[in-house]
Amino acid sequence: MFRREIKERDHWRALAERYGFGFHTMYGQPYWDESAYYQFNLQQIEHDLEAPTEEIHQMCLSIVDKVVHDEALLLRFAIPETMWEAVRRSWLMQEPSLYSRLDFAYSGNGPAKLYENNADTPTSLFETAFWQWIWLEDVVNRGVISRRADQFNILQDYLIERLAHIARLQPGQTLYFSCCKETEEDRATVQYLEDCAREAKLSTAFVYIEDIGVDEQGQFVDLENRVIRWMFKLYPWEEMFHDEYSQFLTTSKINWLEPMWKSVLSNKALLPLLWQEFEGHPNLLPAYFADDTKASALSDFVRKPLFSREGANIEIVRNGKSRHKTDGPYGEGRFIVQQYCPLPKFADSHTLIGSWLVNDKAAGISIREDSSLITQDLARYLPHVIV
(Lines give C-alpha, C1' and ligand atoms only; values in the text may rest on other atoms or scores of the structure.)
Protein backbone atom coordinates (compact mmCIF):
# COMPACT_ATOMS: atom_id res chain seq x y z
CA MET A 1 0.00 0.00 0.00
CA PHE A 2 1.57 3.26 -1.18
CA ARG A 3 0.53 6.88 -1.35
CA ARG A 4 1.56 8.17 -4.77
CA GLU A 5 1.66 11.86 -5.65
CA ILE A 6 0.25 12.80 -9.04
CA LYS A 7 -0.46 15.96 -11.01
CA GLU A 8 -4.08 17.09 -10.81
CA ARG A 9 -6.09 17.13 -14.03
CA ASP A 10 -6.43 20.68 -15.33
CA HIS A 11 -10.14 20.31 -16.09
CA TRP A 12 -11.39 18.31 -13.11
CA ARG A 13 -13.27 21.14 -11.37
CA ALA A 14 -15.27 21.98 -14.48
CA LEU A 15 -15.94 18.28 -14.97
CA ALA A 16 -17.06 17.96 -11.35
CA GLU A 17 -19.53 20.80 -11.76
CA ARG A 18 -20.90 19.18 -14.91
CA TYR A 19 -21.51 15.92 -13.05
CA GLY A 20 -23.13 17.67 -10.07
CA PHE A 21 -20.17 17.25 -7.70
CA GLY A 22 -20.57 20.73 -6.27
CA PHE A 23 -19.17 19.90 -2.84
CA HIS A 24 -15.68 18.98 -4.09
CA THR A 25 -14.53 21.99 -2.03
CA MET A 26 -16.15 22.79 1.33
CA TYR A 27 -15.63 25.85 3.50
CA GLY A 28 -12.73 26.85 1.30
CA GLN A 29 -10.92 23.55 1.86
CA PRO A 30 -10.51 20.71 -0.66
CA TYR A 31 -12.73 17.71 -0.03
CA TRP A 32 -11.88 15.83 -3.22
CA ASP A 33 -8.07 15.62 -3.44
CA GLU A 34 -6.44 14.16 -6.55
CA SER A 35 -2.94 15.43 -5.84
CA ALA A 36 -2.24 11.85 -4.72
CA TYR A 37 -3.77 8.38 -4.87
CA TYR A 38 -3.38 5.14 -2.94
CA GLN A 39 -1.97 2.04 -4.62
CA PHE A 40 -2.81 -1.52 -3.50
CA ASN A 41 -1.95 -4.95 -4.78
CA LEU A 42 -4.59 -7.62 -5.37
CA GLN A 43 -3.65 -9.61 -2.27
CA GLN A 44 -4.26 -6.59 -0.05
CA ILE A 45 -7.67 -5.99 -1.58
CA GLU A 46 -8.94 -9.57 -1.74
CA HIS A 47 -7.37 -11.01 1.41
CA ASP A 48 -6.99 -8.05 3.76
CA LEU A 49 -10.10 -6.02 2.94
CA GLU A 50 -12.71 -7.80 0.80
CA ALA A 51 -12.84 -11.13 2.65
CA PRO A 52 -12.82 -9.62 6.19
CA THR A 53 -15.53 -7.15 5.17
CA GLU A 54 -17.92 -9.93 4.23
CA GLU A 55 -17.00 -12.04 7.25
CA ILE A 56 -17.43 -9.19 9.74
CA HIS A 57 -20.72 -8.23 8.13
CA GLN A 58 -22.07 -11.71 8.82
CA MET A 59 -20.78 -11.48 12.39
CA CYS A 60 -22.63 -8.18 12.78
CA LEU A 61 -25.86 -9.71 11.48
CA SER A 62 -25.58 -12.45 14.09
CA ILE A 63 -25.42 -9.72 16.76
CA VAL A 64 -28.60 -8.14 15.38
CA ASP A 65 -30.39 -11.47 15.75
CA LYS A 66 -29.23 -11.68 19.36
CA VAL A 67 -30.18 -8.10 20.26
CA VAL A 68 -33.72 -8.07 18.87
CA HIS A 69 -34.58 -11.07 21.05
CA ASP A 70 -33.12 -9.63 24.27
CA GLU A 71 -34.81 -6.69 26.00
CA ALA A 72 -31.77 -6.03 28.20
CA LEU A 73 -29.64 -5.59 25.08
CA LEU A 74 -32.24 -3.38 23.40
CA LEU A 75 -31.96 -1.16 26.47
CA ARG A 76 -28.16 -1.24 26.14
CA PHE A 77 -28.54 -0.03 22.56
CA ALA A 78 -30.71 2.88 23.78
CA ILE A 79 -33.56 1.92 21.45
CA PRO A 80 -36.87 3.27 22.83
CA GLU A 81 -39.10 0.58 24.28
CA THR A 82 -41.96 1.77 22.08
CA MET A 83 -39.90 0.69 19.05
CA TRP A 84 -38.72 -2.70 20.25
CA GLU A 85 -41.45 -4.72 18.58
CA ALA A 86 -41.15 -2.80 15.32
CA VAL A 87 -37.37 -3.30 15.22
CA ARG A 88 -37.81 -7.00 16.00
CA ARG A 89 -40.50 -7.40 13.35
CA SER A 90 -38.35 -5.60 10.78
CA TRP A 91 -35.59 -8.15 11.38
CA LEU A 92 -37.80 -11.24 11.51
CA MET A 93 -39.55 -10.21 8.27
CA GLN A 94 -36.09 -9.92 6.67
CA GLU A 95 -36.83 -6.45 5.37
CA PRO A 96 -34.26 -5.83 2.64
CA SER A 97 -31.23 -3.61 3.08
CA LEU A 98 -29.48 -1.65 0.36
CA TYR A 99 -25.93 -0.82 1.46
CA SER A 100 -23.54 -0.13 4.33
CA ARG A 101 -19.89 0.74 5.01
CA LEU A 102 -17.35 -0.67 7.46
CA ASP A 103 -14.53 1.67 8.51
CA PHE A 104 -11.07 0.18 8.99
CA ALA A 105 -7.58 1.15 10.10
CA TYR A 106 -5.26 -0.55 7.61
CA SER A 107 -1.66 0.19 6.64
CA GLY A 108 -1.13 -2.45 3.96
CA ASN A 109 0.40 -4.91 6.43
CA GLY A 110 -1.36 -7.10 8.95
CA PRO A 111 -5.11 -7.40 9.52
CA ALA A 112 -7.39 -4.43 8.99
CA LYS A 113 -8.96 -3.33 12.29
CA LEU A 114 -12.66 -2.48 12.44
CA TYR A 115 -13.47 0.97 13.81
CA GLU A 116 -17.24 0.96 13.32
CA ASN A 117 -20.17 -0.02 11.11
CA ASN A 118 -21.90 2.76 9.16
CA ALA A 119 -24.97 0.76 8.29
CA ASP A 120 -27.79 3.29 8.24
CA THR A 121 -26.79 6.57 6.55
CA PRO A 122 -23.28 6.22 5.07
CA THR A 123 -22.25 9.06 2.76
CA SER A 124 -19.35 9.54 0.28
CA LEU A 125 -21.28 7.19 -2.00
CA PHE A 126 -21.19 9.28 -5.18
CA GLU A 127 -17.46 9.90 -4.78
CA THR A 128 -16.78 6.19 -4.32
CA ALA A 129 -19.08 4.53 -6.82
CA PHE A 130 -18.84 7.07 -9.61
CA TRP A 131 -16.38 9.93 -9.32
CA GLN A 132 -13.19 8.06 -8.41
CA TRP A 133 -13.89 5.65 -11.28
CA ILE A 134 -14.18 8.61 -13.69
CA TRP A 135 -10.81 9.79 -12.36
CA LEU A 136 -9.23 6.38 -13.00
CA GLU A 137 -10.55 6.16 -16.57
CA ASP A 138 -9.27 9.65 -17.27
CA VAL A 139 -5.73 9.22 -15.93
CA VAL A 140 -5.38 5.80 -17.59
CA ASN A 141 -6.58 7.11 -20.96
CA ARG A 142 -4.11 9.99 -20.69
CA GLY A 143 -1.26 7.55 -20.04
CA VAL A 144 -0.55 8.97 -16.58
CA ILE A 145 -1.21 5.61 -14.90
CA SER A 146 -0.60 2.16 -16.40
CA ARG A 147 -3.42 0.53 -18.34
CA ARG A 148 -2.97 -2.46 -16.03
CA ALA A 149 -4.33 -0.37 -13.16
CA ASP A 150 -7.74 -1.32 -11.79
CA GLN A 151 -9.89 -0.22 -8.87
CA PHE A 152 -11.86 -2.14 -6.25
CA ASN A 153 -15.13 -0.57 -7.23
CA ILE A 154 -18.21 -2.46 -8.41
CA LEU A 155 -20.41 -0.40 -6.14
CA GLN A 156 -22.54 1.28 -8.81
CA ASP A 157 -23.29 -1.99 -10.61
CA TYR A 158 -24.24 -3.67 -7.34
CA LEU A 159 -26.48 -0.76 -6.31
CA ILE A 160 -28.43 -0.83 -9.57
CA GLU A 161 -28.74 -4.62 -9.40
CA ARG A 162 -29.90 -4.51 -5.76
CA LEU A 163 -32.44 -1.76 -6.36
CA ALA A 164 -33.91 -3.72 -9.26
CA HIS A 165 -34.17 -6.80 -7.05
CA ILE A 166 -35.85 -4.96 -4.15
CA ALA A 167 -38.27 -3.34 -6.61
CA ARG A 168 -39.62 -6.77 -7.46
CA LEU A 169 -40.73 -7.00 -3.82
CA GLN A 170 -42.57 -3.65 -4.18
CA PRO A 171 -44.41 -4.05 -7.52
CA GLY A 172 -45.88 -0.83 -8.84
CA GLN A 173 -44.58 1.30 -5.96
CA THR A 174 -42.76 4.63 -6.33
CA LEU A 175 -39.50 4.79 -4.41
CA TYR A 176 -39.22 8.12 -2.59
CA PHE A 177 -35.81 9.55 -1.75
CA SER A 178 -35.38 11.94 1.14
CA CYS A 179 -32.80 13.94 3.10
CA CYS A 180 -32.76 17.13 5.15
CA LYS A 181 -32.70 20.57 3.61
CA GLU A 182 -29.48 22.60 3.39
CA THR A 183 -27.25 19.49 3.33
CA GLU A 184 -25.47 19.64 -0.03
CA GLU A 185 -23.53 16.41 0.41
CA ASP A 186 -26.61 14.48 1.55
CA ARG A 187 -28.65 15.86 -1.33
CA ALA A 188 -25.97 14.77 -3.80
CA THR A 189 -25.87 11.28 -2.28
CA VAL A 190 -29.63 10.93 -2.54
CA GLN A 191 -29.66 12.31 -6.09
CA TYR A 192 -27.01 9.79 -7.09
CA LEU A 193 -29.02 6.91 -5.62
CA GLU A 194 -32.14 8.17 -7.38
CA ASP A 195 -30.18 8.10 -10.65
CA CYS A 196 -29.21 4.50 -9.91
CA ALA A 197 -32.85 3.65 -9.22
CA ARG A 198 -33.91 5.13 -12.53
CA GLU A 199 -31.19 3.11 -14.23
CA ALA A 200 -32.82 0.08 -12.60
CA LYS A 201 -36.15 1.16 -14.21
CA LEU A 202 -37.80 2.20 -10.94
CA SER A 203 -40.39 4.94 -10.55
CA THR A 204 -38.90 7.57 -8.22
CA ALA A 205 -39.80 10.79 -6.40
CA PHE A 206 -38.07 13.14 -3.96
CA VAL A 207 -39.25 14.91 -0.83
CA TYR A 208 -37.28 16.69 1.89
CA ILE A 209 -37.55 15.22 5.40
CA GLU A 210 -38.95 18.53 6.67
CA ASP A 211 -41.74 18.44 4.05
CA ILE A 212 -43.11 15.00 4.95
CA GLY A 213 -46.54 15.21 6.58
CA VAL A 214 -49.11 12.87 8.12
CA ASP A 215 -52.68 12.44 6.87
CA GLU A 216 -55.82 11.73 8.90
CA GLN A 217 -55.17 7.99 8.71
CA GLY A 218 -51.70 8.39 10.22
CA GLN A 219 -49.88 7.71 6.94
CA PHE A 220 -46.84 9.71 5.84
CA VAL A 221 -47.50 11.90 2.78
CA ASP A 222 -45.57 14.19 0.45
CA LEU A 223 -46.33 17.85 -0.28
CA GLU A 224 -49.16 16.84 -2.62
CA ASN A 225 -50.72 14.57 0.01
CA ARG A 226 -49.70 11.43 -1.86
CA VAL A 227 -49.22 8.52 0.55
CA ILE A 228 -45.62 7.30 0.77
CA ARG A 229 -45.28 3.50 0.76
CA TRP A 230 -41.59 3.06 -0.01
CA MET A 231 -38.76 5.38 0.97
CA PHE A 232 -34.99 5.66 1.06
CA LYS A 233 -34.19 8.15 3.82
CA LEU A 234 -30.75 9.59 4.47
CA TYR A 235 -31.82 10.31 8.02
CA PRO A 236 -30.76 8.21 11.03
CA TRP A 237 -33.12 5.94 12.90
CA GLU A 238 -32.01 7.27 16.27
CA GLU A 239 -33.28 10.70 15.20
CA MET A 240 -36.50 9.29 13.77
CA PHE A 241 -37.25 7.41 17.00
CA HIS A 242 -37.34 10.70 18.90
CA ASP A 243 -38.87 13.04 16.33
CA GLU A 244 -42.31 14.60 16.70
CA TYR A 245 -43.81 12.14 14.23
CA SER A 246 -42.20 9.03 15.73
CA GLN A 247 -45.57 7.79 16.99
CA PHE A 248 -46.54 7.09 13.38
CA LEU A 249 -43.51 4.91 12.61
CA THR A 250 -45.22 1.81 13.97
CA THR A 251 -48.54 2.43 12.17
CA SER A 252 -47.56 3.88 8.80
CA LYS A 253 -47.20 1.21 6.16
CA ILE A 254 -43.85 2.21 4.70
CA ASN A 255 -41.11 -0.08 3.47
CA TRP A 256 -37.96 1.73 4.55
CA LEU A 257 -34.49 1.79 3.10
CA GLU A 258 -32.62 1.33 5.28
CA PRO A 259 -34.95 -0.97 7.29
CA MET A 260 -35.57 -0.38 10.99
CA TRP A 261 -33.33 -3.29 12.09
CA LYS A 262 -30.40 -1.18 10.86
CA SER A 263 -30.86 0.85 14.07
CA VAL A 264 -29.04 -2.04 15.78
CA LEU A 265 -26.35 -2.48 13.15
CA SER A 266 -25.42 1.22 12.99
CA ASN A 267 -25.21 1.59 16.78
CA LYS A 268 -21.73 1.62 18.37
CA ALA A 269 -23.06 -0.66 21.11
CA LEU A 270 -22.48 -3.25 18.38
CA LEU A 271 -18.71 -3.08 19.05
CA PRO A 272 -18.70 -4.46 22.64
CA LEU A 273 -21.11 -7.20 21.55
CA LEU A 274 -18.84 -8.18 18.66
CA TRP A 275 -15.86 -8.44 21.00
CA GLN A 276 -17.87 -10.42 23.53
CA GLU A 277 -18.98 -12.93 20.89
CA PHE A 278 -15.80 -13.07 18.78
CA GLU A 279 -13.04 -12.12 21.23
CA GLY A 280 -9.60 -12.35 19.68
CA HIS A 281 -10.79 -12.10 16.07
CA PRO A 282 -7.88 -10.56 14.13
CA ASN A 283 -10.02 -7.80 12.61
CA LEU A 284 -11.63 -6.69 15.88
CA LEU A 285 -10.41 -4.35 18.60
CA PRO A 286 -11.27 -4.98 22.27
CA ALA A 287 -14.36 -2.92 23.10
CA TYR A 288 -16.60 -2.58 26.16
CA PHE A 289 -19.49 -0.50 27.40
CA ALA A 290 -18.04 2.43 29.32
CA ASP A 291 -19.63 1.24 32.58
CA ASP A 292 -18.25 -2.30 32.22
CA THR A 293 -15.56 -3.08 34.81
CA LYS A 294 -13.51 -4.71 32.04
CA ALA A 295 -13.15 -1.29 30.42
CA SER A 296 -10.77 -0.25 33.21
CA ALA A 297 -8.21 -2.73 31.86
CA LEU A 298 -7.64 -0.44 28.88
CA SER A 299 -5.18 2.38 29.51
CA ASP A 300 -5.08 3.44 25.85
CA PHE A 301 -8.56 3.67 24.37
CA VAL A 302 -11.06 5.70 22.36
CA ARG A 303 -14.31 6.79 23.98
CA LYS A 304 -17.24 6.91 21.56
CA PRO A 305 -20.94 7.79 21.97
CA LEU A 306 -23.43 5.12 20.86
CA PHE A 307 -24.66 7.66 18.32
CA SER A 308 -22.00 9.78 16.73
CA ARG A 309 -21.29 10.88 13.18
CA GLU A 310 -18.36 12.50 11.36
CA GLY A 311 -16.02 11.98 14.31
CA ALA A 312 -18.07 14.09 16.75
CA ASN A 313 -17.64 13.72 20.54
CA ILE A 314 -14.76 11.26 20.24
CA GLU A 315 -12.06 11.20 22.92
CA ILE A 316 -8.63 9.57 22.70
CA VAL A 317 -7.14 8.51 26.05
CA ARG A 318 -3.47 7.50 26.38
CA ASN A 319 -2.03 6.13 29.61
CA GLY A 320 -5.27 7.05 31.31
CA LYS A 321 -5.09 10.72 30.26
CA SER A 322 -7.22 12.51 27.67
CA ARG A 323 -5.04 13.43 24.68
CA HIS A 324 -7.54 14.52 22.03
CA LYS A 325 -11.24 15.30 22.07
CA THR A 326 -13.73 16.54 19.48
CA ASP A 327 -16.83 18.62 20.05
CA GLY A 328 -20.30 17.75 18.85
CA PRO A 329 -23.96 17.20 19.73
CA TYR A 330 -23.66 13.63 21.07
CA GLY A 331 -21.93 14.21 24.40
CA GLU A 332 -24.91 13.55 26.68
CA GLY A 333 -25.68 9.94 25.74
CA ARG A 334 -24.13 6.57 26.54
CA PHE A 335 -20.59 5.59 25.56
CA ILE A 336 -18.45 2.63 24.65
CA VAL A 337 -14.66 2.37 24.83
CA GLN A 338 -12.53 0.71 22.17
CA GLN A 339 -8.84 -0.12 22.36
CA TYR A 340 -6.72 2.63 20.85
CA CYS A 341 -5.45 1.70 17.41
CA PRO A 342 -4.16 4.78 15.57
CA LEU A 343 -4.80 5.26 11.90
CA PRO A 344 -1.72 4.70 9.75
CA LYS A 345 0.05 7.87 8.71
CA PHE A 346 0.97 8.53 5.10
CA ALA A 347 2.79 11.80 4.39
CA ASP A 348 1.24 14.19 6.93
CA SER A 349 -2.20 12.59 7.01
CA HIS A 350 -3.99 9.84 8.90
CA THR A 351 -5.73 7.45 6.53
CA LEU A 352 -9.10 5.72 7.02
CA ILE A 353 -10.47 3.04 4.68
CA GLY A 354 -14.20 2.58 4.17
CA SER A 355 -15.23 -0.81 2.81
CA TRP A 356 -18.66 -0.87 1.17
CA LEU A 357 -21.22 -3.66 1.04
CA VAL A 358 -24.30 -4.17 -1.09
CA ASN A 359 -26.56 -7.17 -0.49
CA ASP A 360 -23.96 -8.78 1.82
CA LYS A 361 -21.21 -8.51 -0.81
CA ALA A 362 -18.08 -6.36 -0.60
CA ALA A 363 -18.39 -3.76 -3.34
CA GLY A 364 -15.47 -1.31 -3.15
CA ILE A 365 -13.44 0.98 -0.93
CA SER A 366 -13.17 4.69 -0.19
CA ILE A 367 -10.23 6.51 1.39
CA ARG A 368 -10.34 9.58 3.62
CA GLU A 369 -7.38 11.54 4.94
CA ASP A 370 -7.33 13.89 7.92
CA SER A 371 -4.52 15.83 9.55
CA SER A 372 -6.11 14.83 12.87
CA LEU A 373 -6.09 11.35 14.44
CA ILE A 374 -9.90 11.53 14.35
CA THR A 375 -11.50 11.51 10.89
CA GLN A 376 -14.07 14.31 10.76
CA ASP A 377 -16.49 15.79 8.24
CA LEU A 378 -13.85 17.83 6.36
CA ALA A 379 -11.47 14.90 5.86
CA ARG A 380 -10.23 14.76 2.27
CA TYR A 381 -11.29 12.03 -0.15
CA LEU A 382 -8.55 10.45 -2.32
CA PRO A 383 -8.90 7.87 -5.11
CA HIS A 384 -7.18 4.49 -5.24
CA VAL A 385 -5.88 1.95 -7.74
CA ILE A 386 -4.95 -1.72 -7.78
CA VAL A 387 -1.72 -2.60 -9.60
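How many residues does helix 2 have, and how far does helix 2 reach from its first C-alpha to its last? In this predicted model, helix 2 runs through residues 42–68, a total of 27 residues, and its first and last C-alpha atoms are separated by 38 Å, close to the 39 Å expected at 1.5 Å a residue. Within this helix there is a bend of about 30 degrees, located at Pro-52. The N-terminal end of helix 2 is capped by Asn-41, a side-chain oxygen of which lies 3.1 Å from the backbone nitrogen of Gln-43. Helix 6, which comprises the 13 residues 155–167, likewise agrees with expectation, because a span of 18 Å is predicted at 1.5 Å a residue and its end C-alpha atoms are 18 Å apart.

Once its neighbours within four places in sequence are left aside, Leu-249 is in contact with Met-83, Phe-220, Trp-237, Met-240, Phe-241, Trp-256 and Met-260.

Charged side chains were then considered. Side chains of opposite charge can pair when their charged atoms come close. A search of the whole structure finds 23 salt bridges, of which several are described here. Arg-9 forms a salt bridge with Glu-34, with the closest N and O atoms 2.7 Å apart. This pair links distant parts of the chain, 25 residues apart, since Arg-9 is in the loop between strand 1 (2–5) and helix 1 (12–18), whereas Glu-34 is in the loop between strand 3 (29–30) and strand 4 (36–40). Both Arg-9 and Glu-34 are buried. In the salt bridge between Glu-8 and Arg-13, the closest N and O atoms are 3.6 Å apart; here Glu-8 is partly exposed, with a relative accessible area of 29%, and Arg-13 is also partly exposed, at 42%.

A further salt bridge joins Arg-142 to Asp-138, with 2.8 Å between the closest N and O atoms. Its two partners fall into separate accessibility classes, in that Arg-142 counts as exposed at 52% relative accessibility, while Asp-138 is buried, with a relative accessible area of 14%.

Arg-88 is placed in helix 4 (residues 84–92). Its relative accessible area is 15%, and Arg-88 is therefore classed as buried, the limit for this class being under 20%. The side chain of Arg-88 is joined to that of Glu-85 by a polar contact of 2.7 Å. When residues up to four places away in sequence are not counted, Arg-88 touches Val-68, His-69, Glu-71 and Leu-74, and of these Val-68 belongs to helix 2, which covers residues 42–68.

Technical notes:
Residues numbered from 1 in each chain as written. Predicted model: local features only at pLDDT ≥ 70, side-chain atom pairs only at ≥ 80, totals over all residues. Heavy atoms only, no water. Helix = DSSP H or I, 4+ residues; strand = E, 2+ residues; numbered from the N terminus. Expected span 1.5 Å × (residues − 1). Bend = angle between axes of the 7 residues up to and from the residue. Polar contact = N/O pair within 3.5 Å; in protein donor to acceptor, adjacent residues only side chain to side chain. Salt bridge = Lys/Arg side-chain N within 4 Å of Asp/Glu carboxyl O. Buried < 20%, exposed > 50% of the residue type's maximum accessible area, 1.4 Å probe, protein only. Contact = heavy atoms within 4.5 Å.
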